[in-house]
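Colleague: I would like to learn how to read a model like this one. Could we go through it feature by feature?

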Amino acid sequence: MSRESWSREIARIIYGLENSVRGNVLDIDEEGFLVIRIKDNVLRVKDLMEKNKLDVAYIRILPLIERAMETVYEAFKTVIELTGYKGTLNPVYPMKVNPIPLIVECIFKYGEKYKWGFNTGSLSELLLLLNLAEKYTPRTLIYDGVLTEKVIEALLKLHRLGWRIIIDIESEHDIEAIEKYPELEIGIRVKPIIKPQGKWSTATGLSGKFGLTINTLIKLREDFKWITERATLLHMHPGSQISRFSDVKKYLREVKEVFSELLELGFENISMVDPGGGVAYPYIDLRDGDEESPDYSIVDYAKTLVSEFLGLSKHPDIVFEGGRYIVSSHRLVVASVIDVRPYSAIHNKENLNVLQEYVEKIKSISDAKELISRIRGILGSIKSKSSEETSVRQRELYEDLVAFIENDIAQKISALLVEGKIDVREVLEDQLLLKILTSPSRRYILNMSIFADIPDAVLVDQYFQVIPVQGLNKPPDVLASLADLTCDSMGEISHYISPGNLLNTNSIILTNVDLRLLAIPGVKLKLRGVPLPLPLKGETHYIVVLDTGAYQDTLAMRHNLIYGAPEVIIDTSGDSVSIKIIRNGESRT
Ligand SMILES: *Cc1c(COP(=O)(O)O)cnc(C)c1O
């Protein structure tokens, strides 16, 4: 198998820029810089950082939110028109996904033409809406939080401003609280039974935190007959990021069944169905149904939802309540590279001249494995000694040998792969060799805090795409583990998904300097480090973490007191682009 030459197309694939939500807004220019394209403007991310003297920043590309809203709206509009569906689309934004005022205002502004409404669950969120409401046209609000006097007061204020207010009832307490306000409509929140695959499926099932079981609902309906009249909405939510289309289909079928049952139970005024969120964001757009890579599009979702209800005699209006899909793409975390260190041991070449000869003799996988196993034998015997017995000299030898496997032998195998003397399938089948060939050789120290900037990477081991801002016109030099500024071993990113299955070539791709396996045609390869260029002396490099716009802003933690970052806010006005720098956040280094 020969070695593939590099191109911008390959770089776009390897670094996940082929993404249906972002489109071509993120791209690579002729000289290999990461750029943001908006209308006819092209902005280099590196320039944005350097011109504004920033070593860390959150870049917010607000037109990406507009783009996602439009994509959703158009998908539903097309399906509704094509099928002759009689209900309408009523999108609402679930505020908890990102309730910072800038984003909420962005939803108001870009949502004006679609009458994009809101779904909130707390008093603070309601107060923020009230603050902004007078500047915009009234919307629909679906409230699914706890009901208190202050909450009801805020809801009534919005209603007086012309808003349509629908409140989920979940208990006798809720029903009694809103009985005397006939202007407030009732939403029936029902717990879904199906459990989709994924990190957030605890939202469902009969023990889920939200919603009613059907039995409770029947009991409440008996005690409070008037609720059947006032209920206008069926509300359900399956949890976030449902990446498998088969789960989506099962869930939407359940929603339809519950809707039909409610009509039979006498809830005849229910004319709106809200299946909640769950629409998965393609953190990698491979369409294979893995957690970070949904196997369906927004059009597939719209088609399935509409066709479920198409067969009923009453076509309800549909609420779209996805938030992750709408705001994930807008925020990039950009951090400078402070230092580059060896990942593990390095060796003193002279000590190992003898072993070097053995490396020359490796001609096959089995030669390599035999040498590795002999060296590991020696490593094992050094390790088994007690610490008093381990001299500095022995530690040195231990490090030398580890480094020898990770560098010299690994690179020899890579060379044989390129020469076609070893078949890459042999490496794929051998766990140890695969591990050696996909491990990082460097550790980059970045000006970021995983806990503050991408907390879900620690909380739920969420995958985020990483990309350098420059050097994209050449194959990456090394695989690197990315360490943050916190003194916490969890503050490190060291996995990367290489989408070789999207490559249109027959050749493997190696990193340039440490000769690690970077991509294998036809294979979705899990690497233990991020492919990156090596900075030249005196050059500032930046690394970008993409798609951090959903949930990360509010879940941010203050580990080691590192938090906050300057913001670069990119928006459009007419045909021109506006860039605003907000220097909040602490200096981190
Ligand atoms: C969190 C939440 C959403 C958002 O779901 P995503 O799939 O993350 O977009 C929607 N609706 C309700 C009721 C929620 O609680």
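Predicted model: local features only at pLDDT ≥ 70, side-chain atom pairs only at ≥ 80, totals over all residues.

Colleague: How many residues does the contact take from domain 1 and from domain 3?

Modeller: A contact is read from heavy atoms within 4.5 Å. Eight residues of domain 1 and eight residues of domain 3 make up the contact.

Colleague: What is the area buried between domain 1 and domain 3?

Modeller: Buried area is what two parts lose in accessible area on being put together, summed over both. Here the figure is about 620 Å², with carbon and sulfur atoms giving 66% of that. On the domain 1 side, Ile-508, Leu-515 and Arg-516 lose the most area to domain 3, and together they account for 56% of what that side buries.

Colleague: Which kinds of residue does domain 1 present to domain 3?

Modeller: The side of domain 1 that touches domain 3 has six nonpolar residues, two charged and no polar ones. Between the two domains there are zero salt bridges, while three residue pairs are in polar contact, both members at pLDDT 80 or more.

Colleague: Now the ligand. Which residues are the closest to the ligand?

Modeller: Of the 16 residues that surround the ligand, the closest are Lys-96, Ser-240, Gly-278, Gly-323 and Tyr-551. Next, look at the backbone. A backbone N or O atom of Gly-278 is 2.6 Å from a ligand oxygen atom.

Colleague: How much of the ligand's accessible area does the protein cover?

Modeller: On its own the ligand has 390 Å² of accessible area, and the protein covers 95% of that.

How values were computed. Residues numbered from 1 in each chain as written. Heavy atoms only, no water. Buried area = accessible area lost by both parts, 1.4 Å probe. Salt bridge = Lys/Arg side-chain N within 4 Å of Asp/Glu carboxyl O. Polar contact = N/O pair within 3.5 Å; in protein donor to acceptor, adjacent residues only side chain to side chain. Nonpolar A, V, L, I, M, F, W, Y, C, P; charged D, E, K, R; others polar. Near = heavy atom within 4 Å. Areas by Shrake-Rupley, 256 points an atom, 1.4 Å probe, with all protein chains shown as cover.
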